[in-house]
Amino acid sequence: MIHSILNFVSIVAGVVFLFGAAIFVHEFGHFWVARRRGMKVEAFAIGFGPKIFSWTRDGIEYSVRWIPAGGFVKLPQMVTSSAIEGEKKEDVPPAPPFSKMLVAVAGPVMNVIFAFCVATLIYYVGLPVPVNPSIIGYVDPASPEGKMGIQKGDRIIAVAGKPVKSWEDVMESTVLALTNTLPVTIRHEEGAGVEGQTQTYMLKAETNNLLELKTFNLDPQDHLIVKEVMAGQPAETAKIKVNDEVVGFAGIPISSQQQFINLIQKRGGQQTPVVIMRDGKRLTLNVTPTTDPTTKKSRVGIMFSLGKDVYYIEHPTPWAQVQDDLDQMYKTITALVHSRESGVKASDLSGPVGIFGLLAVQWNTDYRLALKFLVMLNINLAILNLLPIPVLDGGHIMMAIIERVRRRPLGVRFVEYTTTAFAVLLISFMLYVTFFDITKRVPLFRMMFNRETQIEQVEKPATPPATPYPPQ
C-alpha cells in the first residue's frame with residue numbers, strides 16, 4: 001500500500017516537473033527577451049489559478065500557482081490576458097514592432113533549444129525501444145485474412161510500401177493512411193513450402209477499437225501471463241497460478257487472448273489439457289471450462305495481464321529524435337487535413353488531460369521514455385505556437401509585421417476583440433478534446449498503467465532482409 005502511494009506521488013511529481021519545465025522555458029524566453037529589449041514586465045507566473053506563493057522584485061510579481069498546466073508573462077505592451085479580461089492598467093509607451101516580434105518568437109525558440117538539450121541527454125543515457133516485432137498472432141481461418149492465406153507466425157514487413165519493424169510502426173502507418181484499404185507486404189515464416197516467401201495483400205482497416213482509430217483485423221503475438229485466478233473457478237481447481245504463461249490449449253498453440261477465448265467456448269464442460277510455462281518449465285494441466293446457463297458462455301476463471309514488454313537500448317542522435325517528431329507531426333497534420341480519407345478527426349487529438357496521461361504512463365514505465373515524450377512536447381509547442389493565430393505567439397508576430405508595414409499600431413479595440421474571440425475558440429477547442437481525453441483515453445491509460453514492463457539491455461533484434469516491393 002505504502003509502495004503504491006509513493007509510486008503515485010513520484011509519478012505526479014515527475015509529470016508536473018517535466019510539463020512545468022516545458023512551460024517554464026517557453027515563458028522564460030518571452031520574459032528574458034522582453035527584459036533585454038527594455039519592455040515593461042508586470043508578472044511572471046508558473047501555473048494558473050490561485051497563487052501558492054509570490055514575491056515582487058524590481059516591480060515584477062513572480063508567482064507559482066496551483067494549476068500546473070501552463071504559465072504566463074504579463075507584458076502590457078503586447079496583448080495579454082489582462083487586456084482580454086478587461087483589467088485596467090497604467091499607460092505604457094508602445095513597444096517597437098521588432099521588439100514584439102523578438103519577444104514572441106523567443107518562447108518557441110527556447111522550446112526548441114530545450115528539446116535539443118533533452119535529446120542530447122537521451123543520446124547519452126540511452127532510449128528504451130520496445131522489442132515488439134510485427135509478427136502476426138492467431139488468424140481465424142474463416143476470416144477474410146485467413147482465406148487469403150495469412151497465418152499465425154507471418155511477419156508484416158511493409159504497409160503501403162513503407163517498411164515496418166514493429167507493431168507500433170504498423171499501427172502508425174495504418175492510422176495515418178489516407179485510405180482504409182492498404183497494400184500490406186507479409187513474409188511467411190512457416191508453413192509447408194512457403195517459408196521465406198513474400199506476398200502483398202490488399203487489406204481493409206476498420207474502426208472497431210477503444211480509440212476509434214482504424215486498424216487491421218490482425219493481432220500481434222501475445223504472451224498470456226496469468227494476472228489473477230478467480231476463487232472457486234476451474235483454473236483454481238486445475239492449480240493454475242498467477243504469473244503462469246498459457247502457451248497451449250486443447251493441443252493447439254496459443255498466440256492471442258482472443259484465440260484462447262474462442263477455444264474455451266468450444267470446450268464447455270469438457271476436460272481439456274492446458275499447457276503453461278512456470279519458472280521456465282513446461283507443464284500440462286487439465287481444466288474443465290464451466291458454462292453460464294444464462295449467457296451460454298464458457299469460462300475458466302483467469303484474468304490476464306496485458307503482457308510484459310522487453311526493451312533494448314538505442315542512442316539516437318538529437319537531430320534524429322527531433323526529425324522523428326517533425327515527421328510524426330507532419331503525418332498527423334496531413335491526416336487531419338484529409339480527415340475524410342484518413343478517418344483521423346480533431347477528437348483524436350489530446351488536450352492537457354491526454355498529455356498529462358501519456359506523460360504519466362511514460363514516466364511510470366521509464367524516465368527516459370518520459371524524456372523522449374518531453375522532446376516531442378517541446379517541438380509541438382514551438383511549432384503550434386508559431387501559427388499565425390491571434391492569442392498565440394504567431395499571432396503576435398503577424399500583428400507586429402502588419403504594424404511595421406502600416407507604420408502605425410493596429411486599433412486597440414480591434415486587437416483586443418480579435419484576441420478575445422480566438423481565445424474563446426481556443427479554450428472551446430481545448431474543452432472539446434479534453435472531453436474525448438476523459439471519455440476515450442483515460443480508460444486506455446488505466447490499462448497501460450497495469451502493463452508490466454522490463455527495461456533491460458538486450459541485443460537489438462535483427463532487421464529482416466530487405467525485400468523489393470512491387471509498385472503501389
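**Stop 1: the four-stranded sheet**

Select strands β5, β4, β6 and β7. They form an open sheet in that order, with antiparallel pairing. Two strands pair if DSSP finds at least two bridges between them. Helices (H or I, at least four residues) and strands (E, at least two) are DSSP runs, numbered from the N terminus. Which strands stand at the edges? They are β5 (162-163) and β7 (198-204); each has a single partner strand, so one side of each is left without a neighbour in the sheet.

Now zoom in on β4 (residues 155-159). Two bridges join β4 to β5. Ala158 stands opposite Pro163 in β5.

**A word on the model**

This is a predicted model: local features need pLDDT of at least 70, side-chain atom pairs count only at pLDDT 80 or more, and totals for chains, interfaces and linings use all residues. Residues are numbered from 1 along each chain as its sequence is written, and side-chain values use heavy atoms, leaving out hydrogens and water.

**Stop 2: confidence**

Colour by pLDDT, the predictor's confidence in each residue, from 0 to 100. The chain's mean is 82. Confidence is highest in helix α3 (residues 97-125), at a mean of 94, and lowest in helix α2 (residues 81-84), at 42. Where pLDDT is low, the predicted coordinates should not be read in detail.

**Stop 3: the largest nonpolar core**

Select Val118, Leu359, Leu374 and Val375. They have the most contacts inside the largest nonpolar core, which has 27 residues. Such a core is a set of buried Ala, Val, Leu, Ile, Met, Phe, Trp, Tyr and Cys residues joined through side-chain atoms within 4.5 Å. Buried means under 20% relative accessible area (1.4 Å probe, protein chains only). Leaving aside neighbours within four places in sequence, Leu374 is in contact (heavy atoms within 4.5 Å) with Leu18, Ala22, Phe114 and Val118.

**Stop 4: helix α7**

Go to residues 257-265. Gln259, Phe260, Leu263 and Ile264 are buried here. Seen down the axis of α7, the buried residues fall within an arc of 135°, so they line one face of the helix. That arc is of the directions from the helix axis to the C-beta atoms.

**Stop 5: Glu403**

Finish in helix α12 (residues 393-406), where Glu403 is found. Is Glu403 buried or exposed? At 9% relative accessibility, Glu403 counts as buried.

Methods
Buried < 20%, exposed > 50% of the residue type's maximum accessible area, 1.4 Å probe, protein only.
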